Amino acid sequence: ETLRADLADALCGDQLHLVYQPVVDLALRRTASVEALLRWRHPVYGPVSPAEFIPLAEESSLITDIGRWVLTHATAAVAALPHPDLGVAVNVSARHVRSGALVDDVLAALDASGLPASRLVLEITESVLLDDGHVVADLQLLRRLGVRIAVDDFGTGWSSLAYLVGLPIDVLKMDRQFLADVETDPQRRALCASVLHLGSSLGLAVVVEGVETQAELQLLRDMGHRFIQGFLLARPMDVVALETQLPGIG
Ligand code: G
Ligand code: G
Ligand code: MN
Ligand code: NA
(Lines give C-alpha, C1' and ligand atoms only; values in the text may rest on other atoms or scores of the structure.)
(Ligands and ions follow the chains in the order given, each with its own letter.)
Protein backbone atom coordinates (compact mmCIF):
# COMPACT_ATOMS: atom_id res chain seq x y z
CA GLU A 1 0.00 0.00 0.00
CA THR A 2 1.08 3.51 -0.79
CA LEU A 3 0.17 4.87 2.64
CA ARG A 4 2.65 2.48 4.23
CA ALA A 5 5.45 3.62 1.93
CA ASP A 6 4.57 7.24 2.75
CA LEU A 7 4.85 6.45 6.45
CA ALA A 8 8.50 5.49 6.08
CA ASP A 9 9.08 8.92 4.51
CA ALA A 10 7.09 10.61 7.27
CA LEU A 11 9.57 9.31 9.84
CA CYS A 12 12.49 10.93 8.02
CA GLY A 13 10.73 14.21 7.32
CA ASP A 14 8.83 16.42 9.73
CA GLN A 15 5.35 15.00 9.15
CA LEU A 16 4.97 13.29 12.53
CA HIS A 17 4.33 15.13 15.74
CA LEU A 18 3.04 14.38 19.20
CA VAL A 19 0.17 15.85 21.16
CA TYR A 20 -0.28 15.30 24.89
CA GLN A 21 -3.45 14.63 26.87
CA PRO A 22 -3.47 15.31 30.64
CA VAL A 23 -4.31 12.66 33.22
CA VAL A 24 -5.77 14.53 36.18
CA ASP A 25 -5.37 13.54 39.83
CA LEU A 26 -8.67 14.43 41.52
CA ALA A 27 -7.16 14.07 45.00
CA LEU A 28 -4.34 16.56 44.40
CA ARG A 29 -6.38 18.61 41.88
CA ARG A 30 -3.59 18.71 39.36
CA THR A 31 -2.27 17.04 36.25
CA ALA A 32 -0.29 13.95 37.24
CA SER A 33 0.95 12.97 33.80
CA VAL A 34 0.31 13.36 30.10
CA GLU A 35 -0.26 10.68 27.46
CA ALA A 36 1.72 11.21 24.25
CA LEU A 37 -0.44 10.64 21.17
CA LEU A 38 1.03 10.43 17.70
CA ARG A 39 -0.22 12.57 14.81
CA TRP A 40 0.65 12.37 11.11
CA ARG A 41 0.15 15.24 8.69
CA HIS A 42 0.31 13.58 5.29
CA PRO A 43 1.57 15.96 2.57
CA VAL A 44 -1.39 15.11 0.30
CA TYR A 45 -4.16 13.61 2.46
CA GLY A 46 -3.68 15.86 5.50
CA PRO A 47 -4.15 14.44 9.01
CA VAL A 48 -4.22 10.61 9.17
CA SER A 49 -5.40 8.98 12.41
CA PRO A 50 -3.06 6.63 14.29
CA ALA A 51 -6.01 4.23 14.39
CA GLU A 52 -5.40 3.97 10.64
CA PHE A 53 -1.62 4.13 10.28
CA ILE A 54 -0.41 2.30 13.42
CA PRO A 55 -1.93 -1.01 12.21
CA LEU A 56 -0.14 -0.50 8.86
CA ALA A 57 3.15 0.17 10.62
CA GLU A 58 2.61 -2.95 12.74
CA GLU A 59 2.75 -5.11 9.63
CA SER A 60 6.48 -4.50 9.49
CA SER A 61 9.39 -3.49 11.67
CA LEU A 62 8.52 0.12 10.85
CA ILE A 63 6.50 0.11 14.09
CA THR A 64 9.74 -0.31 16.05
CA ASP A 65 11.24 2.73 14.32
CA ILE A 66 8.10 4.71 15.05
CA GLY A 67 8.05 3.53 18.66
CA ARG A 68 11.65 4.61 19.09
CA TRP A 69 10.85 8.03 17.56
CA VAL A 70 7.90 8.49 19.94
CA LEU A 71 9.95 7.48 23.01
CA THR A 72 12.78 9.84 22.09
CA HIS A 73 10.56 12.83 21.35
CA ALA A 74 8.08 12.40 24.22
CA THR A 75 10.78 12.03 26.89
CA ALA A 76 12.75 15.00 25.52
CA ALA A 77 9.67 17.23 25.36
CA VAL A 78 8.53 16.47 28.90
CA ALA A 79 12.03 16.65 30.40
CA ALA A 80 12.32 20.19 28.99
CA LEU A 81 9.14 21.43 30.70
CA PRO A 82 9.16 23.50 33.89
CA HIS A 83 7.11 20.76 35.65
CA PRO A 84 9.57 18.60 37.61
CA ASP A 85 7.06 15.96 38.73
CA LEU A 86 5.02 15.55 35.55
CA GLY A 87 4.90 11.99 34.19
CA VAL A 88 4.65 11.03 30.54
CA ALA A 89 2.91 7.93 29.15
CA VAL A 90 3.90 6.45 25.79
CA ASN A 91 1.84 3.87 23.88
CA VAL A 92 4.02 0.90 22.94
CA SER A 93 2.81 -1.49 20.29
CA ALA A 94 2.80 -5.23 20.90
CA ARG A 95 5.21 -5.82 18.06
CA HIS A 96 7.74 -3.43 19.55
CA VAL A 97 7.60 -5.21 22.92
CA ARG A 98 7.96 -8.59 21.23
CA SER A 99 10.87 -7.41 19.07
CA GLY A 100 13.15 -7.47 22.09
CA ALA A 101 14.36 -3.93 21.36
CA LEU A 102 12.17 -2.14 23.89
CA VAL A 103 14.54 -2.18 26.88
CA ASP A 104 17.42 -0.67 24.90
CA ASP A 105 15.13 1.87 23.23
CA VAL A 106 13.70 3.02 26.57
CA LEU A 107 17.14 3.28 28.17
CA ALA A 108 18.44 5.28 25.21
CA ALA A 109 15.50 7.71 25.39
CA LEU A 110 15.90 8.21 29.15
CA ASP A 111 19.62 8.71 28.77
CA ALA A 112 19.32 11.21 25.93
CA SER A 113 16.54 13.22 27.58
CA GLY A 114 17.70 13.07 31.17
CA LEU A 115 14.13 12.19 32.21
CA PRO A 116 14.14 10.09 35.41
CA ALA A 117 12.78 6.57 34.80
CA SER A 118 10.15 7.16 37.48
CA ARG A 119 8.46 9.77 35.26
CA LEU A 120 7.95 7.40 32.32
CA VAL A 121 4.90 5.17 31.90
CA LEU A 122 4.71 2.58 29.12
CA GLU A 123 1.19 1.74 27.96
CA ILE A 124 0.82 -1.77 26.62
CA THR A 125 -2.26 -3.76 25.68
CA GLU A 126 -3.35 -6.67 27.80
CA SER A 127 -2.70 -9.31 25.14
CA VAL A 128 1.04 -8.58 25.33
CA LEU A 129 1.09 -9.87 28.90
CA LEU A 130 -0.10 -13.30 27.81
CA ASP A 131 3.07 -13.85 25.78
CA ASP A 132 5.65 -16.42 26.61
CA GLY A 133 9.30 -15.65 26.35
CA HIS A 134 11.15 -12.48 27.12
CA VAL A 135 8.24 -10.02 27.27
CA VAL A 136 7.43 -10.35 30.95
CA ALA A 137 11.13 -10.43 31.89
CA ASP A 138 11.78 -7.26 29.87
CA LEU A 139 8.89 -5.45 31.54
CA GLN A 140 10.13 -6.63 34.93
CA LEU A 141 13.57 -5.23 34.18
CA LEU A 142 12.12 -1.86 33.15
CA ARG A 143 10.07 -1.76 36.34
CA ARG A 144 13.11 -2.45 38.49
CA LEU A 145 14.68 0.60 36.84
CA GLY A 146 11.67 2.65 37.95
CA VAL A 147 9.61 2.78 34.75
CA ARG A 148 5.90 2.16 35.32
CA ILE A 149 3.85 -0.20 33.17
CA ALA A 150 0.20 0.52 32.36
CA VAL A 151 -2.33 -1.85 30.79
CA ASP A 152 -4.16 0.22 28.17
CA ASP A 153 -7.74 -0.36 27.00
CA PHE A 154 -8.21 -2.53 30.07
CA GLY A 155 -11.26 -4.76 29.93
CA THR A 156 -11.72 -4.73 26.16
CA GLY A 157 -9.58 -7.79 25.50
CA TRP A 158 -9.43 -11.18 26.51
CA SER A 159 -9.30 -13.76 28.99
CA SER A 160 -9.50 -14.06 32.69
CA LEU A 161 -8.69 -11.43 35.24
CA ALA A 162 -6.35 -13.88 36.94
CA TYR A 163 -3.50 -12.85 34.67
CA LEU A 164 -3.31 -9.52 36.46
CA VAL A 165 -1.90 -11.09 39.58
CA GLY A 166 1.85 -11.37 39.66
CA LEU A 167 2.43 -9.56 36.37
CA PRO A 168 4.74 -6.56 36.16
CA ILE A 169 2.13 -3.81 36.05
CA ASP A 170 1.47 -0.62 38.00
CA VAL A 171 -1.49 1.06 36.32
CA LEU A 172 -4.78 -0.01 34.75
CA LYS A 173 -6.30 2.26 32.15
CA MET A 174 -9.97 1.42 32.20
CA ASP A 175 -11.39 1.58 28.71
CA ARG A 176 -14.04 4.23 28.16
CA GLN A 177 -16.63 1.62 27.24
CA PHE A 178 -17.09 1.08 30.99
CA LEU A 179 -18.51 4.60 31.24
CA ALA A 180 -21.28 3.87 28.74
CA ASP A 181 -24.69 4.43 30.36
CA VAL A 182 -23.26 4.63 33.90
CA GLU A 183 -25.48 7.61 34.59
CA THR A 184 -28.71 5.78 33.79
CA ASP A 185 -28.08 2.07 34.21
CA PRO A 186 -27.40 0.71 37.74
CA GLN A 187 -25.87 -2.47 36.34
CA ARG A 188 -23.43 -0.54 34.16
CA ARG A 189 -22.57 1.57 37.20
CA ALA A 190 -21.95 -1.55 39.30
CA LEU A 191 -19.68 -2.96 36.61
CA CYS A 192 -17.64 0.24 36.47
CA ALA A 193 -17.34 0.35 40.27
CA SER A 194 -16.21 -3.29 40.29
CA VAL A 195 -13.42 -2.65 37.81
CA LEU A 196 -12.20 0.31 39.89
CA HIS A 197 -12.36 -1.76 43.04
CA LEU A 198 -10.54 -4.68 41.43
CA GLY A 199 -7.66 -2.44 40.37
CA SER A 200 -7.26 -0.68 43.66
CA SER A 201 -7.54 -3.85 45.71
CA LEU A 202 -4.67 -5.29 43.67
CA GLY A 203 -2.64 -2.19 44.57
CA LEU A 204 -2.77 -0.73 41.08
CA ALA A 205 -3.46 2.87 40.14
CA VAL A 206 -6.53 3.07 37.92
CA VAL A 207 -7.00 5.74 35.25
CA VAL A 208 -10.52 6.14 33.90
CA GLU A 209 -10.37 7.07 30.23
CA GLY A 210 -12.85 8.98 28.12
CA VAL A 211 -14.58 11.12 30.76
CA GLU A 212 -16.76 13.41 28.67
CA THR A 213 -19.54 14.67 30.93
CA GLN A 214 -19.89 16.43 34.26
CA ALA A 215 -22.24 13.67 35.41
CA GLU A 216 -19.59 11.01 34.78
CA LEU A 217 -17.06 13.08 36.68
CA GLN A 218 -19.42 13.50 39.64
CA LEU A 219 -20.14 9.79 39.72
CA LEU A 220 -16.43 8.99 39.78
CA ARG A 221 -15.87 11.53 42.55
CA ASP A 222 -18.68 9.93 44.55
CA MET A 223 -16.95 6.56 44.15
CA GLY A 224 -13.79 8.12 45.60
CA HIS A 225 -11.98 7.65 42.33
CA ARG A 226 -8.68 9.45 41.75
CA PHE A 227 -7.19 9.49 38.20
CA ILE A 228 -9.15 10.52 35.10
CA GLN A 229 -8.49 11.38 31.48
CA GLY A 230 -10.97 12.69 28.95
CA PHE A 231 -12.21 15.50 26.78
CA LEU A 232 -14.13 17.04 29.71
CA LEU A 233 -10.86 17.82 31.50
CA ALA A 234 -8.57 18.43 28.57
CA ARG A 235 -8.14 17.56 24.93
CA PRO A 236 -4.77 16.41 23.63
CA MET A 237 -2.63 19.58 23.33
CA ASP A 238 0.58 20.56 21.61
CA VAL A 239 3.86 20.84 23.41
CA VAL A 240 3.67 24.63 23.69
CA ALA A 241 0.34 24.44 25.53
CA LEU A 242 1.88 21.97 27.99
CA GLU A 243 3.95 24.77 29.46
CA THR A 244 1.02 26.90 30.53
CA GLN A 245 -2.29 25.08 30.15
CA LEU A 246 -2.14 21.93 32.26
CA PRO A 247 -5.16 21.58 34.57
CA GLY A 248 -4.05 22.49 38.07
CA ILE A 249 -0.51 23.35 37.03
CA GLY A 250 -0.12 25.81 34.15
O1 G B 1 -5.13 9.70 19.78
P2 G B 1 -6.14 8.84 19.10
O3 G B 1 -7.48 8.62 19.69
O4 G B 1 -6.32 9.29 17.69
O5 G B 1 -5.44 7.40 19.02
C6 G B 1 -6.00 6.34 18.32
C7 G B 1 -5.27 5.06 18.67
O8 G B 1 -3.89 5.16 18.29
C9 G B 1 -5.29 4.74 20.16
O10 G B 1 -5.53 3.35 20.30
C11 G B 1 -3.91 5.06 20.61
O12 G B 1 -3.50 4.23 21.67
C13 G B 1 -3.08 4.79 19.37
N14 G B 1 -1.86 5.59 19.41
C15 G B 1 -1.75 6.93 19.52
N16 G B 1 -0.47 7.33 19.57
C17 G B 1 0.27 6.19 19.50
C18 G B 1 1.68 5.91 19.53
O19 G B 1 2.54 6.79 19.65
N20 G B 1 2.06 4.61 19.42
C21 G B 1 1.17 3.59 19.31
N22 G B 1 1.63 2.35 19.20
N23 G B 1 -0.16 3.81 19.30
C24 G B 1 -0.61 5.09 19.40
O1 G C 1 -6.15 3.44 23.05
P2 G C 1 -5.80 4.68 23.81
O3 G C 1 -6.38 4.72 25.17
O4 G C 1 -4.32 4.98 23.83
O5 G C 1 -6.47 5.86 23.03
C6 G C 1 -6.41 7.16 23.48
C7 G C 1 -7.32 7.94 22.58
O8 G C 1 -8.56 8.24 23.22
C9 G C 1 -6.69 9.25 22.19
O10 G C 1 -6.53 9.27 20.82
C11 G C 1 -7.68 10.30 22.58
O12 G C 1 -7.85 11.24 21.54
C13 G C 1 -8.95 9.52 22.81
N14 G C 1 -9.73 10.15 23.87
C15 G C 1 -9.24 10.76 24.96
N16 G C 1 -10.21 11.27 25.73
C17 G C 1 -11.37 10.96 25.10
C18 G C 1 -12.74 11.23 25.41
O19 G C 1 -13.09 11.84 26.41
N20 G C 1 -13.65 10.75 24.53
C21 G C 1 -13.29 10.07 23.41
N22 G C 1 -14.27 9.65 22.59
N23 G C 1 -12.01 9.79 23.09
C24 G C 1 -11.06 10.24 23.92
MN1 MN D 1 -3.21 4.87 25.56
NA1 NA E 1 -6.98 3.15 26.24
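These legends describe close-up views of one predicted model. Local features were taken where pLDDT is at least 70 and side-chain atom pairs count only at pLDDT 80 or more, while totals for chains, interfaces and linings use all residues. Residues are numbered from 1 along each chain as its sequence is written, and chains are lettered from A and ligands numbered from 1 in the order in which they are written.

View 1. Helix α3 covers residues 62-79; helices (H or I, at least four residues) and strands (E, at least two) are DSSP runs, numbered from the N terminus. At 1.5 Å a residue, the 18 residues of α3 should span 26 Å, and the end C-alpha atoms are 26 Å apart, which agrees; the expected span is 1.5 Å times one less than the number of residues in the helix. Buried in α3 are Ile63, Thr64, Ile66, Gly67, Val70, Leu71, Ala74, Thr75 and Val78. Seen down the axis of α3, these buried residues fall within an arc of 155 degrees, so they line one face of the helix. The arc is that of the directions from the helix axis to the C-beta atoms. A residue is buried if 20 or more other C-beta atoms lie within 10 Å of its own, exposed if 12 or fewer, and partly exposed in between, with C-beta atoms placed from the backbone.

View 2. The 12 residues of helix α5 (residues 102-113) should span 16 Å at 1.5 Å a residue, in agreement with end C-alpha atoms that are 16 Å apart. Leu102, Asp105, Val106, Ala109, Leu110 and Ser113 of α5 are buried, and, seen down the axis of the helix, the buried residues of α5 fall within an arc of 130 degrees, so they line one face. They pack against α3, α4 (94-99), β5 (120-125) and α6 (134-144), two residues being in contact if their C-beta atoms, placed from the backbone, lie within 7 Å. The face of α5 turned away from this buried side carries the exposed residues Asp104 and Asp111. Glycine 114 follows α5 and has a positive phi, near 80 degrees.

**View 3. The crossing of helices α1 and α2.** Helix α1 (residues 2-12) packs with helix α2 (residues 50-57) at an angle of about 90 degrees, the two axes being 10 Å apart. Axes are lines fitted to C-alpha atoms, for helices over the stretch in contact, and angles run from 0 to 180 degrees between N-to-C directions. That angle makes α1 roughly perpendicular to α2, given that angles under 35 degrees count as roughly parallel, over 145 as roughly antiparallel, 65 to 115 as roughly perpendicular and the rest as oblique. Leu3, Arg4 and Leu7 of α1 make the contact with Phe53, Leu56 and Ala57 of α2. By class, the contact has 5 nonpolar, no polar and 1 charged residues; Ala, Val, Leu, Ile, Met, Phe, Trp, Tyr, Cys and Pro count as nonpolar, Asp, Glu, Lys and Arg as charged, and the others, Gly among them, as polar.

**View 4. Glutamate 59, in the loop between α2 and α3.** Glutamate 59 counts as exposed, with 11 C-beta neighbours inside 10 Å. Although glutamate 59 and arginine 4 are 55 residues apart in sequence, their C-alpha atoms are 9.3 Å apart in space.

View 5. Aspartate 153 is found in strand β6, where its phi is near 50 degrees, a positive value in a residue other than glycine; with 18 C-beta neighbours inside 10 Å, aspartate 153 counts as partly exposed. Threonine 156 is found in the loop between β6 (148-154) and β7 (171-174) and is likewise partly exposed, with 13 C-beta neighbours inside 10 Å. Not counting residues up to four places away in sequence, threonine 156 touches Asp175 and Gln177. Threonine 156 also lies 9.5 Å from arginine 176, C-alpha to C-alpha, across a separation of 20 residues in sequence.

**View 6. Aspartate 181, in the loop between β7 and α7 (186-201).** Phi of aspartate 181 is near 65 degrees, a positive value in a residue other than glycine. Aspartate 181 is partly exposed, with 13 other C-beta atoms within 10 Å.
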